[in-house]
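Could you walk me through this model in my viewer, one selection at a time? I would like to know what to click on next and what I will find there.

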Amino acid sequence: MYAFTAIDHVGVAVLDLDAALAWYRERMGLELVHTEINHDQGLVEAMLRARADDDGAQLQILAPDGPDSPIAKFLDRSGPGMHHIAYRVDDVEAAAAGLREAGLHVLYDSARTGTAASLINFVHPRDNGGVLLEIVQRAEG
Ligand code: CMX
Ligand code: CO
């Protein structure tokens, strides 16, 4: 079963993380929760919320860490913009198994490391109405 427990975050691809951070913090009034470099996913990122201590969905802004990054490929093809939506799950492997059983193309055989030591996997956008779908199991604690 792949019951989603929340919309964890929405991912937006940007060309320049610092410029985007300035936009979202200073002009949109969002608060920074976390920044990270994730070489496994080929990106530098920041997580923001309306209020840093609220429990609402986050905005993840993603910039490439180099030319071979999947984010660089996305930016080349589509330009900056909405990249994925992430649903929170309690057990990423169980959720991935359920999605596979439902006939959806799950990208990784087993989960990889996402933001803040979370475990993540993806459904190809072709199987989700043109939107890349991420599932995320938060790290304990
Ligand atoms: N949203 C919607 N459509 C997308 C897309 C996206 N993010 N990325 C690619 N596509 C579309 C392309 O436009 C193209 O569409 P057409 O077939 O209609 O032309 C198609 O998908 C291409 O698919 P592909 O050849 O299978 O794959 P790509 O090499 O373009 O890679 C994807 C796409 C999703 C498989 C790849 O980006 C991937 O592996 N993503 C998972 C990892 C990831 O995105 N990491 C960054 C986020 C990490 C995090 O959130 O922490
Ligand atoms: Co994400």
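Start by selecting the cobalt ion (ligand 2): His9 (NE2), Gln60 (OE1), His84 (NE2) and Glu134 (OE) coordinate it at 2.1 Å. Keep in mind as you go that this is a predicted model. If you have the sequence panel open, look for the donor residues in the spacing H-x50-Q-x23-H-x49-E. His9 sits in strand β1 (residues 6-13) and His84 in strand β5 (residues 81-88), so the pair, 75 residues apart, links distant parts of the chain.

Next, select ligand 1. Which residues come nearest to it? Of the 18 residues around ligand 1, they are Gln41, Lys73, Arg77, His124 and Glu134.

One of its oxygen atoms is 2.5 Å from an N or O atom in the side chain of Lys73. An oxygen atom of ligand 1 is also 2.9 Å from an N or O atom in the His124 side chain. For His83, turn to the backbone: an N or O atom there lies 2.9 Å from a nitrogen atom of ligand 1. Taken alone, ligand 1 exposes 980 Å², and the protein buries 70% of that.

For a last stop, pick Ser69, in the loop between β4 (58-64) and α2 (70-78). Is Ser69 buried or exposed? It counts as buried because its relative accessibility is 4%. Leaving aside residues up to four places away in sequence, Ser69 touches Gly42 and Pro64.

How values were computed:
Residues numbered from 1 in each chain as written. Chains lettered and ligands numbered in written order. Predicted model: local features only at pLDDT ≥ 70, side-chain atom pairs only at ≥ 80, totals over all residues. Heavy atoms only, no water. Donors = N, O, S within 2.8 Å, 3.2 Å for Na, K, Ca; no water. Helix = DSSP H or I, 4+ residues; strand = E, 2+ residues; numbered from the N terminus. Buried < 20%, exposed > 50% of the residue type's maximum accessible area, 1.4 Å probe, protein only. Contact = heavy atoms within 4.5 Å. Near = heavy atom within 4 Å. Polar contact = N/O pair within 3.5 Å; in protein donor to acceptor, adjacent residues only side chain to side chain. Areas by Shrake-Rupley, 256 points an atom, 1.4 Å probe, with all protein chains shown as cover.
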